[in-house]
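Please look over the sequence and the model before reading on.

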Amino acid sequence: MELSGRVGSQTGLYGTLAWTWLPTAEQESAFRRADTNALIQQSAAGKRMPYAPKHTTTAGIGYMHPSGLDMNVEAVYVSDQFSDFTNTENPSADGQFGRIPSFTVYNAAVNYRLTQYKLTLYVAV
């Protein structure tokens with residue numbers, strides 16, 4: 001399920017919110033290697049697919065000036081997930097296996113719309 005929305009006016013202060021919920025992302029059967037067709041050890045039906053977090057949420061706030069200047073900041077939260085088909089709990093030293101803990105990324109952007117040229121300039125961090 002995905003939900004998103006924006007509140008505020010065309011110009012002035014506004015807020016955004018987006019949420020994705022993926023309650024099930026289960027393997028239906030054990031996975032096989034594409035090159036040899038061999039079963040991937042410990043891969044089994046019912047395990048969660050790799051890189052499939054249950055929740056992803058983005059919340060932001062911004063300001064749009066009538067001149068075309070748009071400034072905003074946002075936080076993106078991603079819940080924990082597995083990096084492998086076997087759903088290994090403890091991460092390996094090389095990062096190839098194990099649970100990836102939840103994390104949050106912060107973004108900031110400034111956009112300036114040049115309507116006469118049908119062009120938008122932007123900087124994002």
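## Terms and basis

Buried stands for a relative accessible area under 20%, exposed for over 50%, and partly exposed for what lies in between, with a 1.4 Å probe and protein chains only. The model is predicted, so local features need pLDDT of at least 70 and side-chain atom pairs count only at pLDDT 80 or more, while totals for chains, interfaces and linings use all residues. Residues are numbered from 1 along each chain as its sequence is written, and side-chain values use heavy atoms, with hydrogens and water left out.

## Salt bridges

A salt bridge here is a side-chain nitrogen of Lys or Arg within 4 Å of a carboxyl oxygen of Asp or Glu. By this rule the model has 3 salt bridges.

One of them pairs Asp35 with Arg33, where the closest N and O atoms are 2.6 Å apart. Asp35 is exposed, at 57% relative accessible area, whereas Arg33 is partly exposed, at 43%.

Arg99 forms a salt bridge with Asp80, with 2.4 Å between the closest N and O atoms. This pair links distant parts of the chain, 19 residues apart: Arg99 belongs to strand β6 (residues 99-100), and Asp80 to the loop between β4 (69-78) and β5 (81-82). Strands are DSSP runs of E with at least two residues, numbered from the N terminus. Both side chains count as partly exposed, Arg99 at 27% relative accessibility and Asp80 at 31%.

Arg99 also meets Glu89 in a salt bridge, at 2.8 Å from N to O. Because Glu89 lies in the loop between β5 and β6 while Arg99 is in strand β6, this pair ties together parts that are 10 residues apart in sequence. Glu89 is partly exposed, with a relative accessibility of 44%. Through shared partners, the salt bridges join Asp80, Glu89 and Arg99 into one network.

## Strands β7 and β8

Two strands pair if DSSP finds at least two bridges between them. Strand β7 (residues 103-114) and β8 run antiparallel and are joined by 6 bridges.

How many residues of strand β8 are buried? Of the 6 residues in β8 (residues 119-124), the number buried is 0, so the strand lies largely in the open.

How values were computed:
Helices (H or I, at least four residues) and strands (E, at least two) are DSSP runs, numbered from the N terminus.
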